[in-house]
Amino acid sequence: MKRNIRIIIADDHSMVREGLKQLIELEDDIEVIDQAGNGEEVIRKALEKKPDVILMDINMPVLNGIEAVKRLREENCPSKIIMLTIHNEIEYLLETVEAGIDGYILKDSDSEALITAIHTVYEGESYIQPNMAAQLVRKMNQTPTPSNPKSELKNRLTSREIEVLQLITEGLLNKEIAQKLCISEKTVKNHVSNIFRKIDVCDRTQAAVYAIKERIVDIH
């Protein structure tokens, strides 16, 4: 029998935590195992209980969400971390990606988007809310092209790896990439692993941000 996805909710408003708990537990395969009201508390509980996924607010007392993520990554916490926040500014997205998050979603999203984000990161992929990804692309389009682009790095990627990286940047999951390129999902996973190694990133979100910033892929 497949076990439930175990969640810790970190937010300094108890009503928000309770509302999220009730919403999430409408799903048969997700359970909230604990809650935290500040960054220090979520670090302690996450290291003790090792949840599959942490829903983390940015604005929390004692220690904010971004610093909490950094501390958890320093402690090699295996939990996937989704930032669930009111902040729709790209600067927050970039800072949290650098800190080591697996997902980023806004609090005004619908319940379906939140559940999708939870399932996506649990399966080992990253999730950025689509309109945030679009903002990221627009921001990068406004940035002047570097005078010395990292052509050597791009040349180290095969043409197929660049195709896969392009589709990762567009937000496609492995199954969707496999269907689009008419290859197996296992082959896609191998390409993704090679891409991560060659551009020295740890997850899909970092890969997408890096690829856009360094002009490795085309952005529209």
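This is a predicted model: local features need pLDDT of at least 70, side-chain atom pairs count only at pLDDT 80 or more; totals for chains, interfaces and linings use all residues.
The unreviewed UniProt entry places the feature "modified residue: 4-aspartylphosphate" at Asp57. Asp57 sits in the loop between β3 (53-56) and α3 (65-74). Its relative accessibility is 5%, so Asp57 counts as buried, the cut-off being under 20%.

Which residues does Asp57 contact, leaving aside neighbours within four places in sequence? They are Ala10, Asp11, Asp12, Gly65, Met83, Leu84, Thr85 and Lys107.

Side chains of opposite charge can pair when their charged atoms come close. The model has 12 salt bridges.

One of them joins Asp52 to Arg3, with the closest N and O atoms 2.8 Å apart. This pair links distant parts of the chain, 49 residues apart. Asp52 lies in the loop between α2 (39-49) and β3, and Arg3 in the segment before β1 (5-10). Asp52 is buried, at 12% relative accessible area. Arg3 is partly exposed, at 46%.

## Lys21 with Glu25

Lys21 forms a salt bridge with Glu25; the closest N and O atoms are 3.0 Å apart. Lys21 is partly exposed, with a relative accessible area of 25%. Glu25 is also partly exposed, at 33%.

Lys45 and Asp34 meet through their side chains in a salt bridge of 3.2 Å, N to O. Lys45 belongs to helix α2 and Asp34 to strand β2 (residues 30-36). They are 11 residues apart, and the pair links distant parts of the chain.

Are these two residues buried or exposed? Both Lys45 and Asp34 are buried. Salt bridges with shared partners join Asp34, Glu41, Lys45 and Lys49 into one network.

Definitions and conventions: Residues are numbered from 1 along each chain as its sequence is written. Side-chain values use heavy atoms; hydrogens and water are left out. UniProt positions are given in the numbering used here, feature names are shortened, and annotations may be inferred rather than shown by experiment. Helices (H or I, at least four residues) and strands (E, at least two) are DSSP runs, numbered from the N terminus. Buried means under 20% relative accessible area, exposed over 50%, partly exposed in between (1.4 Å probe, protein chains only). Contact means heavy atoms within 4.5 Å. A salt bridge is a side-chain nitrogen of Lys or Arg within 4 Å of a carboxyl oxygen of Asp or Glu.
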